[in-house]
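User: I have a model open and want to go through a few spots in it. Can you take my questions one by one?

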Amino acid sequence: MSEQIKAALFDIDGTLTTGGDVWSPLIKSPDVTLLRKAWLYGTGLPHYSLSKAGMLNQAKFRERWVKLMASLMTGWSAEQVAGLVTQIVETRLFASRRDDVLALISEHKAQGRTVILVSTMFGDIVSAFAERVGADAGLGSTVEMNNGVCTGKIVGETVSSGRKVDAAREYLNAHHPGVTLAQCVAYADSTSDIPFLAGVG
């Protein structure tokens, strides 16, 4: 079976990392206006609390949450967004990395397999973290930029739950034609990722 595996797909938060407050650098950023912070606390945190208590569908919460996070960056320049990406990757994701799971990336790479990170987080964050840990690609939700300014919106659908499988399939078709999801393995930590895990061989 192992020789039939051509690619490995990894979730990030709670899988490659120990989890935690990934979005704190954005929520606490001085570039986020007080009005937007007040709006977030009023509309987003109740959903966050319900999700933590297991009273809200986790996949739907993550989809809503990443859209809320994008909205906080409305009006930001590309440079501000890039600075945030670096801060989150270094101080949140890489700082809370799980070396035991990162070792699996090295094992797959040593056997010639393509390694792809797939997450609901912003695509730029996922791509930067993928490069940081030696993965081949990172797929995530796309934040819309217009003439170098963030619109605060996510382009199309978020990359969550079963759409992680769709994103991986599109990437493989474009960059590794002939490699199918049946030839992939996947790693994740959440019940919301069951469709992701069920979508591979």
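Analyst: R113 sits in the loop between α6 (99-110) and β2 (114-122); helices (H or I, at least four residues) and strands (E, at least two) are DSSP runs, numbered from the N terminus. This is a predicted model, where local features need pLDDT of at least 70, side-chain atom pairs count only at pLDDT 80 or more, and totals for chains, interfaces and linings use all residues. Residues are numbered from 1 along each chain as its sequence is written, and side-chain values use heavy atoms, with hydrogens and water left out.

User: Is R113 buried or exposed?

Analyst: R113 is buried, at 8% relative accessible area (buried is under 20%, exposed over 50%, partly exposed in between; 1.4 Å probe, protein chains only).

User: Which side chain does R113 join in a polar contact?

Analyst: The side chain of Q111, at 3.0 Å. A polar atom of the R113 side chain also lies 3.4 Å from the backbone oxygen of I5. A polar contact is a pair of N or O atoms within 3.5 Å; within protein, one must be able to donate a hydrogen and the other to accept it, and residues adjacent in sequence count only if both atoms are side-chain atoms.

User: New topic. Where is G75?

Analyst: In the loop between α4 (58-72) and α5. G75 is partly exposed, with a relative accessible area of 49%.

User: What is G75 in contact with, leaving aside neighbours within four places in sequence?

Analyst: Q80, V149 and C150, contact meaning heavy atoms within 4.5 Å. G75 and G152 are 77 residues apart in sequence, yet their C-alpha atoms are 7.2 Å apart.
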